[in-house]
Amino acid sequence: LMPERAINYQIGWTTGYAPHSQFSVDVYYADVEKLIQSVPTGGVYVDPISGAKSNITQNQNVGDGYRYGVDLSIDHWVNDALTVGGNFSAIRSVVTNPTVPGFQLTGFPSLKGFVYANWLPIPSVTITPSLELANDNWTSKTISGVTTYFKTGSYALANINAEYRVDAHLTVSGGVKNIFDQNYTPVWGYPAQGRNYYVAAKATF
């Protein structure tokens, strides 16, 4: 395995267009040599205790390539009780001279977005609904020693978080992720987590 080398170029711009509000954009390009990616070998590992089967993969230099994209973000102050915003990312990755026939870069969507609102019904409470969005990404599966690449994993996830500031030193919070219990699989064979709940506390001294 040879070391991966990349030359990155990036330019960004941020502006404050209103009180407590800003917009930013970043554009980037990367030229990559000896790109490293986990590649199925065609072999299968069988757990000696459970008998569960899993594909054997290996990190390999899969060829040269390049990637380019853009990131946009905005945070807009509506009033003292409400702020809204979001971000959007688009990325395109290309592998040139691949060493694996039909190879595709796996593990990330080409389009991804996030929108949110911060609402303070009272000064000590912040309620934050949000929405996460992504299109399909490439993944792979190996059956009978044959590896195929295909797209999967698009999602639109609704979430909500509530935070209560007890005092200057203690904050408690809780929320729900994937409120509508969407079933999606960003990586073949590994379904993502469904609806889940959490609580947290933060103390500063």
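Residues are numbered from 1 along each chain as its sequence is written, and side-chain values use heavy atoms, with hydrogens and water left out. Because the model is predicted, local features need pLDDT of at least 70 and side-chain atom pairs count only at pLDDT 80 or more, whereas totals for chains, interfaces and linings use all residues.

Pockets and cavities were defined on a 1 Å grid over the protein atoms alone: a cavity is a set of points where a 1.4 Å probe fits but cannot get out, and a pocket is an open set with protein on both sides within 12 Å along at least five of seven lines; lining residues have an atom within 4 Å of a point. Grid points are joined across faces, edges and corners, and a volume is the space filled by probe spheres set on the points.

The largest pocket holds about 430 Å³ of space. Its lining comprises 20 residues, with Asn-55, Thr-57, Ser-140, Trp-188 and Tyr-190 nearest the centre. Two or more lining residues are given by each of strand E2 (21-46), strand E3 (53-79) and strand E7 (137-143), where strands (E, at least two residues) are DSSP runs numbered from the N terminus. E7 contributes the largest share, six residues. By class, seven residues of this lining are nonpolar, 11 polar and two charged; Ala, Val, Leu, Ile, Met, Phe, Trp, Tyr, Cys and Pro count as nonpolar, Asp, Glu, Lys and Arg as charged, and the others, Gly among them, as polar.

The second largest pocket holds about 310 Å³. Its lining has 15 residues, and Arg-92, Ser-93, Gln-104, Leu-105 and Trp-138 are the closest to its centre. Strand E4 (82-96) and E7 each give two or more residues to this lining, and the largest share, five residues, comes from E4. Eight of the lining residues are nonpolar, four polar and three charged.

At least two lining residues come from each of E2, E3 and E4, and E3 supplies the largest share, three residues. The cavity lining divides into five nonpolar, two polar and one charged residues.

Tyr-68 lies in strand E3 and is partly exposed, at 38% relative accessible area (buried means under 20%, exposed over 50%, partly exposed in between).

Leu-120, in strand E5 (residues 111-122), is also partly exposed, at 26%. Its C-alpha atom is separated by 4.8 Å from that of Ala-81, 39 residues apart along the chain.

Asn-178 has a positive phi, near 55°, and lies in the loop between strand E10 (170-177) and strand E11 (196-203). Asp-181 lies in the loop between E10 and E11, and its phi is likewise near 55°. Asn-178 is buried, at 3% relative accessibility, whereas Asp-181 is partly exposed, at 40%.

Key:
Helix = DSSP H or I, 4+ residues; strand = E, 2+ residues; numbered from the N terminus. Buried < 20%, exposed > 50% of the residue type's maximum accessible area, 1.4 Å probe, protein only.
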